[in-house]
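Let's take a walk through a structure together. Please have a look at the sequence and the model first.

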Amino acid sequence: MNDCIFCKIIGKEIPCEFLHDDENCVVFRDIHPKEKTHLLIVSKKHIHSIAEMESGDAKVVGHLLQMAQKIGHDLKLAGYKLQINVGKDGGQEIFHLHVHLLSKSG
Ligand code: AMP
């Protein structure tokens, strides 16, 4: 876990501007945006991926989705796409649970 870049961002070992920070997640901009708005909604708990969720982690995932709804509303996004990559073959590069929020508006 010490080598996890998102754990380092959450632990403020790597500087990063948070758009949102609560007890379950942080939200920040993707360093390589693929849309006008490209945010990452990242669980504070180090969960490797959806494939490796443990009991109780579904609540965390639910919270990430609720956060997507709040951000979409707060940023007045006309629409957005949510993406969770799972495993190497699913395009996952960082093995710490996160939801991509992508929008052509923002
Ligand atoms: P995934 O392929 O779903 O694991 O997505 C990982 C995402 O993290 C990629 O879109 C990267 O551009 C993004 N990323 C990697 N390092 C950073 C960083 N230091 N700050 C913000 N985003 C990052």
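This is a predicted model: local features need pLDDT of at least 70, side-chain atom pairs count only at pLDDT 80 or more; totals for chains, interfaces and linings use all residues.

Residues are numbered from 1 along each chain as its sequence is written, and side-chain values use heavy atoms, with hydrogens and water left out.

Start with the fold. The protein has 2 helices and 5 strands, where helices (H or I, at least four residues) and strands (E, at least two) are DSSP runs numbered from the N terminus. Along the sequence they follow the pattern α-β-β-β-α-β-β. The C-alpha trace spans about 35 × 30 × 30 Å along its principal axes. Of the 106 residues, 42% count as buried, meaning under 20% relative accessible area with a 1.4 Å probe and protein chains only; exposed is over 50%, and partly exposed is in between.

Now turn to the ligand. Among the 17 residues around the ligand, Asp30, Glu93, Ile94, His98 and His100 come nearest; a residue belongs here if one of its heavy atoms lies within 4 Å. An N or O atom in the side chain of His100 is 2.8 Å from an oxygen atom of the ligand, and a polar side-chain atom of Asn85 is 2.9 Å from a ligand oxygen atom.

Finally, find Tyr80 in the loop between helix H2 (57-74) and strand S4 (81-83). Tyr80 counts as partly exposed because its relative accessibility is 36%.

Definitions and conventions
A polar contact is a pair of N or O atoms within 3.5 Å; within protein, one must be able to donate a hydrogen and the other to accept it, and residues adjacent in sequence count only if both atoms are side-chain atoms.
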